[in-house]
Amino acid sequence: MFKRTLLGVSALALMAASASAADLANRYPVKAAVVPVQVFSWTGFYIGGNVGYAWGNSSLDYTPFLGPTFSYGLGNADGFTGGLQAGFNYQFANNVVLGLEADLQFADIGSNNLLIGGPVGGAFASQSLDTYGTIRGRIGYAMDRFLPYFTGGAAWANTSYTGPFGWTADSTHWGWTVGGGLEYAVTNNWTVKGEYQYLSFDGDSFTYLNGDTVKTNYDMSVLKAGVNYKF
């Protein structure tokens, strides 16, 4: 009796093991859940600061009442700059990024030169620039966290001139700027950038009592590094 019972239990165990093995053979492997990869977006407002170095050229055109115009160079004007910027970017589905940026810069740039030759040879003239800014559009192509871009728009500068015979002028001039740069997103909120800009400004004009006229011109290049916080 005991032997028959033992044989029955063994048979049932074998049958259960065979069924379990068949079930395992028919099961498909379970795939791991797909974790979405977060893609960085440049869309949003941002504020930041920058430091840089500027170098430029200033000139003075002197035209006698009865005579041709004579151009004088006031020498190279260079120095350090620093300031603040703010703007907005929008990234399209094709990774093109359009933006608008405004900045305010502080500088200590100037030159002083002895005028040689021409109608006012031997006189001194000087030029200085203390603040300037731009309002620019930006267009770039996002490569994930890298953003190479071009930029251009309006520019203004506060300049001071001292010309022949004691003529002086302190005024704000408008002009234009073009440039480009590369920005990199270190985190989802902080970015760093390097940028080059070329700026050209309209100058001052003045007419002396004897009918002689003087006109100034100024252009400069700026290479700067900056950091932005994106909201």
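## Accessibility of Tyr 53 and Phe 80

Tyr 53 is partly exposed, at 32% relative accessibility (buried means under 20% relative accessible area, exposed over 50%, and partly exposed in between, with a 1.4 Å probe and protein chains only). Phe 80, with a relative accessible area of 65%, is exposed.

The model is predicted: local features need pLDDT of at least 70, side-chain atom pairs count only at pLDDT 80 or more, and totals for chains, interfaces and linings use all residues. Residues are numbered from 1 along each chain as its sequence is written, and side-chain values use heavy atoms, with hydrogens and water left out.

## Aromatic pairs

The whole structure contains 14 aromatic pairs (rings of Phe, Tyr and Trp, the last by its six-membered ring, with centres within 6.5 Å; planes under 30 degrees apart count as stacked, over 60 as edge-to-face and the rest as tilted). The ring centres of Tyr 53 and Phe 80 are 5.1 Å apart and the planes stand at 75 degrees, so this pair is edge-to-face. Because Tyr 53 lies in strand 1 (residues 44-63) and Phe 80 in strand 2 (residues 70-91), the pair ties together parts that are 27 residues apart in sequence (strands are DSSP runs of E, at least two residues, numbered from the N terminus).

Tyr 229 and Phe 231 also form an edge-to-face pair, at 5.2 Å centre to centre and 80 degrees between the planes. Tyr 229 is partly exposed at 29% relative accessible area, whereas Phe 231 is exposed at 56%.

## Cluster and charge over a ring

One aromatic cluster is formed by Tyr 62, Phe 165, Trp 167, Phe 206 and Tyr 208.

Arg 138 lies over the face of Tyr 149, 4.3 Å from the ring centre (a charge sits over a ring if NZ of Lys or CZ of Arg is within 6 Å of the ring centre and within 35 degrees of the ring normal).

Terms used: Helices (H or I, at least four residues) and strands (E, at least two) are DSSP runs, numbered from the N terminus.
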